Amino acid sequence: LIIPTRACVLTVPAKNSSGHLTVRMEATLQEIKDLEGKAGRVFDEGRYDEAVKILEEVKEIAERNLADEDETRLRVLCNLGYGYSVNGQHQQAALLLNDVLIVQRKFSERNPLSLAPTLRCLGVCY
């Protein structure tokens with residue numbers, strides 16, 4: 001991961017009748033995790049353009065498969081926003097991070113500190 005962030009638990013991924021994650025959801029979450037790890041390694045090497053491209057791919061996967069309020073999806077979007085900012089794409093970062101913040105604020109009463117990582121990333125944009 002590019003930045004350590006943990007949004008409050010907002011939704012539960014798809015589970016089967018016995019309460020376990022579905023095979024498809026497990027595969028999706030693993031794919032996201034693997035690609036985020038790759039993006040983090042590329043980012044650490046200073047290859048920001050490449051890291052952003054990987055994170056854009058992760059964003060597409062998350063948006064296709066996860067609810068708007070899902071903590072993994074929000075983390076993906078926050079990481080991409082941070083990647084945009086570090087890559088000099090500040091306006092794009094600010095737009096994305098503001099969208100994340102709107103969703104997080106709906107649930108921040110339970111855990112106000114959950115906004116901190118997104119606000120930190122947003123601060124980097126300015």
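Which side chain makes a polar contact with the side chain of Asn 79?

## A polar contact inside the model

In this predicted model, the side chain of Asn 79 makes its polar contact with the side chain of Glu 36, at a distance of 3.4 Å. Asn 79 belongs to helix α3, which covers residues 71–86, while helix α1 spans residues 23–44. Along the chain, Asn 79 and Glu 36 are 43 residues apart, and yet their C-alpha atoms are separated by 8.7 Å.

How much of Asn 79 is accessible, and is the residue buried or exposed? Its relative accessible area is 0%, and because a residue counts as buried when this value is under 20%, Asn 79 is placed among the buried residues.

## The overall fold

The secondary structure of the protein chain consists of 5 helices and 0 strands, so that, reading from the N terminus, the order of elements is α-α-α-α-α. The chain has 126 residues, of which 45% count as buried. Its accessible surface comes to about 7000 Å², and carbon and sulfur atoms account for 50% of that area.

## Aromatic residues

The structure holds 2 aromatic pairs. In one of them, Phe 43 and Tyr 82 form a tilted pair, with 6.0 Å from centre to centre and an angle of 45° between the planes. Because Phe 43 lies in helix α1 and Tyr 82 in helix α3, this pair ties together parts of the chain that are 39 residues apart in sequence.

Both partners of this pair are also described by their accessibility: Phe 43 counts as buried at 12% relative accessibility, and Tyr 82 counts as buried at 14%. Together with Tyr 48, Phe 43 and Tyr 82 form one aromatic cluster.

Thr 118 is found in helix α5, which runs over residues 116–125. With a relative accessible area of 0%, Thr 118 is buried. Which residues does Thr 118 contact, once its neighbours within four places in sequence are left aside? They are Cys 78, Leu 97, Val 100, Leu 101 and Gln 104.

## Confidence in the model

The mean pLDDT of the protein chain is 83, and 83% of its residues reach 70 or more. Among the elements of the chain, helix α2, made up of residues 48–65, has the highest mean pLDDT, at 96, whereas α5 has the lowest, at 83. Over residues 1–12, however, the pLDDT is below 50, although this stretch has 40 contacts in the model beyond near neighbours in sequence.

Technical notes: Residues are numbered from 1 along each chain as its sequence is written. This is a predicted model: local features need pLDDT of at least 70, side-chain atom pairs count only at pLDDT 80 or more; totals for chains, interfaces and linings use all residues. Side-chain values use heavy atoms; hydrogens and water are left out. Helices (H or I, at least four residues) and strands (E, at least two) are DSSP runs, numbered from the N terminus. Buried means under 20% relative accessible area, exposed over 50%, partly exposed in between (1.4 Å probe, protein chains only). A polar contact is a pair of N or O atoms within 3.5 Å; within protein, one must be able to donate a hydrogen and the other to accept it, and residues adjacent in sequence count only if both atoms are side-chain atoms. Accessible areas come from the Shrake-Rupley method with a 1.4 Å probe; for residues, only the protein chains shown count as cover. Rings of Phe, Tyr and Trp (its six-membered ring) pair if their centres lie within 6.5 Å; planes under 30 degrees apart count as stacked, over 60 as edge-to-face and the rest as tilted. Contact means heavy atoms within 4.5 Å. pLDDT is the predictor's confidence in each residue, from 0 to 100.
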